[in-house]
Amino acid sequence: MHSIFELFKVGVGPSSSHTVGPMIAAQQFINRCLADSNVSPYIARVQVKLYGSLALTGIGHATDTAILAGLSGCLPAVSEPDELQAVVQELRSTQRLQLAKGRDIPFQESRDLIWLRNELLPQHPNGMEFSAWGSDGDLLYSERSFSVGGGFVATEDELNAVAQGRLAEQAPTALTVPYPFTTALELLEMARSNHITAEAIVHANERTHRSEDEIAHGVDRLWKVMQSCIDRGCTTAGVLPGALRIARRAPQIYQRLSRGAAVPPSEWLAQHASDLSTDPLQHLDWISLFALAVNEENAAGGRVVTAPTNGAAGVIPAVLAYYVYFMHGTSAGIQTFLKTAGAIGLLYKRNASLSAAEMGCQGEVGVACSMAAAGLAACMGGHIEQIENAAEIGMEHNLGLTCDPIAGLVQVPCIERNTMGATKAVNAARLAVLYGDGKHFVSLDRVIETMRQTGIDMQAKYKETSLGGLAVNVVDC
Ligand code: SF4
């Protein structure tokens, strides 16, 4: 099994599959070259080829910036967004790639970063090929890797193993755990037979590789990053990068909802959340605001938590912020929320995909909605059947959701779509916990499989290629 800390990653915008994954893949490639004594001393040039969806929407998704940063040794979890920009700017202005301190090689972006928009590698729509060459033009080392969604990177061998049903022995990060659930039904049965919660199951599994402190601090850090992302998004005005010239909306909405707050939401809501407007639906506006704030930060290349992707990074923070600020949320509740949501996310990762290039937006905002619904249901005191029901509702009404970002930017429909995912998640949790007893007609396993089949059947033009839908029906500049 994967860890929830692989599912929730601190990263940078705007895309987990097109920014975070490629940066990690490029960094891993360069590290492997530098560690190999038959390669490292002789490298005179590196070249990167991008295939399929990465090539089609990579410019709008900052894949070029991510690749250059990764080749320069940066990683999304540790490098600050400003630092990444500075490294890439330096590379572009000098046309030299720093391999190590005091050692650089020429890098001409137009020659060494190749966009193969009409070519696809057979294993996955998000393919990359990295090559290192010697000074006499001999190929020293080459590898193909794939950004398979949610910032996860797989090698060619790993994807071939998946295709041949040899997944278990190949997955390098697979954990041996006390509760190895692979389906929602197994999760339900483990919870019932052991009289424990989904949160406790995830916690016990995480304990095989982490101390109590590491788990507690790891989850707290995720919330802190989400919270400061909301704060930054609510207080940063301006226009988002890219041809669409989209103005950020979150700061203005925050000012209206808070009636002119001079401090960020984390401070302001701590004092005022209980004496807000008498409009009974205003909580929905706050939830939408939180999601907008995160996704505007993501679109601007800011620091976000991949949850479970960057395009859908606003849904879970928005619902968790609603729990914290408006439901008197506690630290223990934050742990419950993210571990329960993580359990559901792992099911989608294992049994379908988090990649919009495979599943469309149902694999991003749909999955985030399902995870958030489960997390909130657990915090509302829902039992395991109600949690499973909330997760199922959260996906059932996102089935078929396409991915068609205008101009290849993670902005329209992405930013606003997160508000819909978040409010739908709250509705799903309330239906399941307040008005349901856990009995329901469609199981979570069935809906995950339906999402997978729908993703396979969906035409390629609706799967993160910007060749269909809004991307071709709206003039982009
Ligand atoms: S439409 Fe959905 S899946 Fe596609 S880039 Fe936007 S958020 Fe991601």
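Guide: A salt bridge is a side-chain nitrogen of Lys or Arg within 4 Å of a carboxyl oxygen of Asp or Glu. This is a predicted model: local features need pLDDT of at least 70, side-chain atom pairs count only at pLDDT 80 or more, and totals for chains, interfaces and linings use all residues. Residues are numbered from 1 along each chain as its sequence is written, and side-chain values use heavy atoms, with hydrogens and water left out.

Visitor: How many salt bridges does the structure hold?

Guide: It holds 18. Take one: the side chains of Arg32 and Glu143 meet at 2.9 Å, N to O.

Visitor: Which elements hold Arg32 and Glu143?

Guide: First the labels: helices (H or I, at least four residues) and strands (E, at least two) are DSSP runs, numbered from the N terminus. Arg32 sits in helix α2 (residues 16–35), Glu143 in strand β7 (residues 139–149). The pair links distant parts of the chain, 111 residues apart.

Visitor: In what order do the five strands of the open sheet stand?

Guide: Start with the rule: two strands pair if DSSP finds at least two bridges between them. Here the order is β5-β2-β6-β7-β8, with mixed pairing. From one strand to the next, the twist averages 25°. That angle follows a convention: axes are lines fitted to C-alpha atoms, for helices over the stretch in contact, and angles run from 0 to 180 degrees between N-to-C directions.

Visitor: In which sense do β2 and β5 pair?

Guide: Parallel, over four bridges, with β2 spanning residues 45–51. Val48 stands opposite Leu113 in β5.

Visitor: Which helix lies across β2, β5 and β6?

Guide: Helix α4 (residues 63–71) does, running at about 145° to β2. Strand β6 covers 127–133.

Visitor: Now the hairpin. In which sense do β3 and β4 pair?

Guide: Antiparallel, over four bridges, between β3 (residues 96–100) and β4 (residues 103–106). Gln98 faces Asp104 in β4. Ala100 has Arg103 as its bridge partner. Two residues lie between the strands, and Gly102 takes a positive phi near 80°.

Visitor: At what angle do α16 and α18 pack?

Guide: Two packed helices are described by the angle between their axes and the distance between the axes. For α16 (residues 331–351) and α18 (residues 365–379), the angle is about 140° and the axes are 8 Å apart. Angles under 35 degrees count as roughly parallel, over 145 as roughly antiparallel, 65 to 115 as roughly perpendicular and the rest as oblique. So α16 and α18 are oblique to each other. Their crossing is right-handed. A crossing is left-handed if the near helix is turned anticlockwise from the far one by less than a right angle, and right-handed if clockwise.

Visitor: Which residues make the contact?

Guide: Contact means heavy atoms within 4.5 Å. Among them are Phe337, Ile344 and Tyr348 of α16, and Val367, Met371 and Leu376 of α18. By class, the contact of α16 with α18 has eleven nonpolar, seven polar and no charged residues. (Ala, Val, Leu, Ile, Met, Phe, Trp, Tyr, Cys and Pro count as nonpolar, Asp, Glu, Lys and Arg as charged, and the others, Gly among them, as polar.)

Visitor: How are α18 and α19 oriented to each other, roughly parallel or roughly antiparallel?

Guide: The axes of α18 and α19 (residues 384–396) come within 7 Å and cross at roughly 155°. They are therefore roughly antiparallel. This crossing is right-handed. The contact includes Val367, Ser370 and Ala374 in α18, and Ile387, Glu392 and Met395 in α19. It counts ten nonpolar, four polar and one charged residues.

Visitor: Last, the backbone. Where does a cis peptide bond join two residues?

Guide: One joins Ala307 and Pro308, with omega about -5°. Pro308 lies in the loop between β9 (303–306) and α15 (315–326). The bond from Gly13 to Pro14 is also cis, with omega near 5°. Pro14 is in the loop between β1 (9–12) and α2.

Visitor: Which residue has a positive phi although it is not a glycine?

Guide: Ala62, at about 60°, in the loop between α3 (52–57) and α4. Ala407 is another non-glycine with positive phi, near 60°. Ala407 is found in the loop between α19 and α20 (414–434).
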